Amino acid sequence: MSAPVRENARRLAVDAVIRVVRDGLALALEESRLALLSPMDRALALEIAAGTVRHLTLLDAVLDGCMARPLPRGRHFLRVVLRTALYQALFLRIPARAALHQAVELVKASPEHAKAGFVNAVLRTAVTRTPASVLASIAAPVARLAVEYSHPEWLVARWYRALGEEGTRARLQANQEVAPLVLRVNGLKIDRSGLLAALAGRGMAHPWAPEGVIVTPSGGVEALPGYREGWFAVQDGSAQWPARLLDPQPEEEILDLCAAPGGKSMQLAALCKDQARILAVDSSAHRLQRVDENRARLGVRGVTTLAGDATDETLLAGRSFHRILADLPCSGTGVIRRHPEIKWRRQEADIERQAQLQLAILENGARHLRPGGTLVYAVCSLEPEEGEGVIETFLAHHPQWRRAPVEPREGVPLQAITAAGDLRFEPARDRMDGFFIARLKNH
């Protein structure tokens, strides 16, 4: 009687991948349908969906060699059924016969039922091929890396020019790894040793984040001890550094720009014992609801929210702040290991477009910093145009501002400090999400 549930898990994964490749949407499985599955099948659906998106190009390269002619554009369902089945056979070590059977059954139960024989034939050939045999036929190094590590060729070419083959391969390989579950201890309710004790051996102290705990997942994060009590928030180690470098103090007025879903606002509150007045601004009123949810669960009182465009000069008229955190929208190339769909949702032109948006938000926000105040700029991008480029342009246009270099005594990983005194975290080197962080002061 378990077969229909398994089929539902696979169909849910197929539908999620279709939304990524057809509509460019973020990878998300429907919560209402997930709730109908057992924990084991829920985990299977999540693994199939994320893994297929992570290895998309390599799966296509294997499949394309097994077809007499390519599938017509628009046959998304058939293409994704083939991809998810091959992913299971190649990477999940599910027996090829089982993966093939489930794929054929999915097609038989769909409007594409006439293509069940085609799917069967293609997969029977595909499961006998190895990725190495496909890669051997690709001579150009950039093209070969793009297929081997399933990244868009334009992005691989960018990194190849900057890092060479060895550095690019290391970054691509890190992106293909499944990111660990990292928690940030909520210091308002518990300390790190207390949370580690509650996790009873399922967690370890993060080596580079003083508030961080790396957890061995087992089920959803909601099932971990202390979730309902608000003992922690989910936040990668590198993402915990912007708020720490801002160094919020009690009784200060603090602005968090582009704040939703509120992880850094809550961290700022915890760092100053919830005794500062923090304004969390975001363009999406809907996403600000997540800030309210996090505030309630974590027991934070000192955060208020405001919906509005951070480039609007009238949004904060008449207000000033001691400190400003500007963790801004970006291409997201630093968090591909955590959100593999990002690499398929971006185009190269997005990088310059995002850099211009970041500069506009930075300049608008900086107008509201009190003299002698501190501003921390952060992006989860590996692209220099969105990091150093934005900061250098801002400083060139605003001579009254200067960098406040990050110092080793602050506890940051030494290898992440740049020559200019900024922070740049690299997934391949630091085993954390990619981030660029700069700290600025005005005179």
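This is a predicted model: local features need pLDDT of at least 70, side-chain atom pairs count only at pLDDT 80 or more; totals for chains, interfaces and linings use all residues.

Two helices, H4 (56-64) and H5 (76-91), each supply at least two of the lining residues. H5 gives the largest share, with 4 residues.

Helix H4 is mostly covered, with 7 of its 9 residues buried. Asp 60 is one of these buried residues of H4, and the others are Leu 56, Leu 58, Leu 59, Ala 61, Val 62 and Leu 63.

In soluble globular proteins, nonpolar side chains tend to be buried together. The largest nonpolar core in this model has 74 residues, of which Leu 375, Tyr 377, Leu 423 and Ile 437 touch the most other members. Strand S9 (residues 369-379) provides the largest share of this core, 6 residues. Another core, of 47 residues, lies apart from it and includes Ala 13, Leu 58, Ile 94 and Leu 123.

Leaving aside residues up to four places away in sequence, Leu 375 touches Leu 246, Ile 324, Leu 362, Ala 366, Leu 369, Trp 401, Ala 438, Arg 439 and Leu 440.

**Aromatic pairs**

The model has 4 aromatic pairs. Two of them are set out here.

| Pair | Centre to centre | Angle between planes | Type |
|---|---|---|---|
| Tyr 87 and Phe 91 | 5.5 Å | 25° | stacked |
| Tyr 377 and Phe 436 | 6.2 Å | 65° | edge-to-face |

Tyr 87 and Phe 91 both belong to helix H5 and are 4 residues apart, so about one helical turn separates them. An α-helix has 3.6 residues a turn, so residues three or four places apart point the same way. Tyr 87 counts as buried because its relative accessibility is 4%, under the 20% cut-off. Phe 91, at 32% relative accessibility, counts as partly exposed.

The pair of Tyr 377 and Phe 436 is edge-to-face because the planes of its rings stand at 65°, over the limit of 60 degrees. This pair links distant parts of the chain: Tyr 377 lies in strand S9 and Phe 436 in strand S12 (residues 435-442), 59 residues apart. Tyr 377 is buried, at 0% relative accessible area, and Phe 436 is buried with a value of 0%.

Key:
Residues are numbered from 1 along each chain as its sequence is written. Side-chain values use heavy atoms; hydrogens and water are left out. A nonpolar core is a set of buried Ala, Val, Leu, Ile, Met, Phe, Trp, Tyr and Cys residues joined through side-chain atoms within 4.5 Å. Buried means under 20% relative accessible area, exposed over 50%, partly exposed in between (1.4 Å probe, protein chains only). Contact means heavy atoms within 4.5 Å. Rings of Phe, Tyr and Trp (its six-membered ring) pair if their centres lie within 6.5 Å; planes under 30 degrees apart count as stacked, over 60 as edge-to-face and the rest as tilted.
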